[in-house]
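Visitor: I am new to protein structures and would like to learn how to read one. Could you walk me through it?

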Amino acid sequence: MGVPDASGDLSSEMEVDAFRHLFPLRYFERHLSESIRPDARPLGRARDTTLALGAVASAHGSALAKIGSTTMLAAIKMEVMIPSTESPDEGCIAIDFHMPPICSPIVRPGRPAEAAPVISKQLSDTISSSGMINLKELSLVSGKAAWMAYLDIYCLDADGALFDAALLSAVAAFSHLQIPIVSLNDDGKIVLVSEEDEGAKLEKEPVNKEKRKLKLSSIPFSLTCILHKNYILADPTAEEESIMETLVTVVLDSSARLVSFYKPGGSFLANTSAVQDCVALTRQRVKELQEILDEAISGMEID
Amino acid sequence: MASTGGGAPGTYTPTPTKKTQRSSFFSDSDVDWLRPDGRGFHQCRPAFFRTGAVNSAAGSAYAEFGNTKVIVSVFGPRESKKAMVYSDVGRLNCNVSCTTFATPVRGLGSDNKEFSSMLHKALEGDLPVVISCASLALADAGIMMYDLVAGVSVSCLGRNLIIDPILEEENFQDGSLMITCMPSRYEVTQLSITGEWSTAKLNEAMQLCLDACSKLDKIMRACLKEAASASLD
């Protein structure tokens, strides 16, 4: 292997692909100095993002989010639980993030991905602290029964910015969620009111009158950026993340209030202007994501 | 955060008040019943295949049969840690997992090792789809194969044979048969039979499966050709 300094001279002679693999950092820096990235994006631009609601028929709410090649499938299943004595009129949300071996060559069968529990925790923290969901809305019978929303997010293709895609799929799944109609039977158990029963006279009043959606206030959206020297790269790919290690994730809600700021180490320190730039980029991105979400929801309503 | 319901208080899925009785459809004497999704007895679900579902994989495929959706990724080749000496044969490592929301009652989360027998049970209906999709993913990865492998299953319900059953139908089945084969070579690679079968029924079911396999093979080949011609352009 040649000394790093040799790479500068070699770059003119070597094939591009070989240079990319042998000197990945130099390869990227050559691009960055021209204010462009190898996938032809400007530094501050996120990849194309798509959202499809209702991808899972067996769930109460679901969404498929794609940012570039990164693909997340989120689905919510509603179950009934007995609420805790401290909060008798509140439901609960359990969030789990999975990285099955199909998503990336890094994840091997039998060895769970290290990133998965970290993202899981980040998602729960973000969704609970943003106050997007009023847990009181998940109550059925005070002190007796409440909804437990199991949100499971599966990474189907891992190509960078996993948290951003996971959060987008999560909030989209919640906006697609239809809470089923249930009633309380004589044994004190919650039972489903099936479609046929709806018209017929019920011996028991349904606990919740109609299929309803959760009221979501201040939806959180995020953007992950790479800090490298003076450059800020929005929405990194897996390759970029593996080469340049300083990541910053900013979460803002739909009214552009800061929900969380996450910088897990890295060799570059974030100075004030870098932090401000990241937040500014995120503010832009939140507008885009809000539009994409609104479009996906209105698309569902036409059907 | 409650990890997959472990520390959470016991939860249950609310079920309808009335139990669905078998008699509503699937009665033995009656041959006029409709399948829940309106298909004919010998009609498969519409099959959709696409290669290149996962960007970071060496090869991958996506299959959709009705509501059943499968993604298969192929990674490698990698150095075998187990091989102590030089070996001229490779190994194919298979791993199947199922999302927690794939079944009507929420699944068992990441502890599916413990419940592998249950997982197997739950997968029964989807196994042929998984196998067909896996062979397509291997082809997409450019791995040389004798032929594509297509899989189809048949359920026996009373006197009737129904092809490509859905979960609801499998819950009522008297017996099931699955064939995976290499249609161009006309070779069966796997055959599994459960339940009670008469020889005549078994023959009929096998023929039914083989016919469906060769049709499935055509769809899979068309998908590969499409992907290959798209990459040429």
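Guide: Let's begin with a stretch of chain A in this predicted model. Over residues 219–268 of chain A, the chain is 50% strand and 12% helix, and its end C-alpha atoms are 30 Å apart.

Visitor: Where does a record place this stretch?

Guide: UniProt lists residues 46–180 and 219–268 of chain A for "domain: Exoribonuclease phosphorolytic", in an unreviewed entry. The span 46–180 of chain A is 35% strand and 22% helix, with 36 Å between its end C-alpha atoms.

Visitor: Is strand S11 of chain A enclosed or open?

Guide: Count its buried residues. Six of the seven residues of S11(A), residues 247–253, are buried, so the strand is largely enclosed by the rest of the structure.

Visitor: Which strands pair with S11(A)?

Guide: Strand S9 of chain A (residues 220–228) runs antiparallel to S11(A), joined by seven bridges. There, Leu223(A) stands opposite Val250(A). Strand S12 of chain A (residues 258–262) also pairs with S11(A) in the antiparallel sense, over four bridges. In that pairing, Val251(A) has Ser260(A) as its bridge partner. The hairpin of S11(A) and S12(A) has four residues between the strands, and Ala256(A) takes a positive phi near 60 degrees.

Visitor: How should I read a nonpolar core?

Guide: In soluble globular proteins, nonpolar side chains tend to be buried together. Here the largest nonpolar core has 135 residues. Among the members that touch the most others are Ala74(A), Ile76(A), Leu151(A) and Ala173(A). Leaving aside residues up to four places away in sequence, Ala173(A) touches Gly61(A), Ser62(A), Ala63(A), Ala74(A), Ala75(A), Ile76(A) and Leu151(A).

Visitor: And how do I read a helix, such as H4 of chain B?

Guide: An α-helix has 3.6 residues a turn, so residues three or four places apart point the same way. H4(B), residues 199–232, has 34 residues. From first C-alpha to last it reaches 49 Å, close to the 50 Å expected at 1.5 Å a residue. Its buried residues include Ala205(B), Leu208(B), Cys209(B), Ala212(B), Cys213(B) and Leu216(B). Among the elements covering the buried residues of H4(B) are helix H2 (127–140) and strand S4 (150–157) of chain B.

Visitor: How many residues of the two chains are in contact?

Guide: On chain A, 42 residues are in contact with 33 residues of chain B. S6(A) gives the most to chain A's side, with six residues. That side divides into 27 nonpolar, eight polar and seven charged residues.

Terms used: Residues are numbered from 1 along each chain as its sequence is written. Chains are lettered from A and ligands numbered from 1 in the order in which they are written. This is a predicted model: local features need pLDDT of at least 70, side-chain atom pairs count only at pLDDT 80 or more; totals for chains, interfaces and linings use all residues. UniProt positions are given in the numbering used here, feature names are shortened, and annotations may be inferred rather than shown by experiment. Helices (H or I, at least four residues) and strands (E, at least two) are DSSP runs, numbered from the N terminus. The expected span of a helix is 1.5 Å times one less than its number of residues. A residue is buried if 20 or more other C-beta atoms lie within 10 Å of its own, exposed if 12 or fewer, and partly exposed in between; C-beta atoms are placed from the backbone. Two residues are in contact if their C-beta atoms, placed from the backbone, lie within 7 Å. A nonpolar core is a set of buried Ala, Val, Leu, Ile, Met, Phe, Trp, Tyr and Cys residues joined through C-beta atoms within 7 Å. Two strands pair if DSSP finds at least two bridges between them. Ala, Val, Leu, Ile, Met, Phe, Trp, Tyr, Cys and Pro count as nonpolar, Asp, Glu, Lys and Arg as charged, and the others, Gly among them, as polar.
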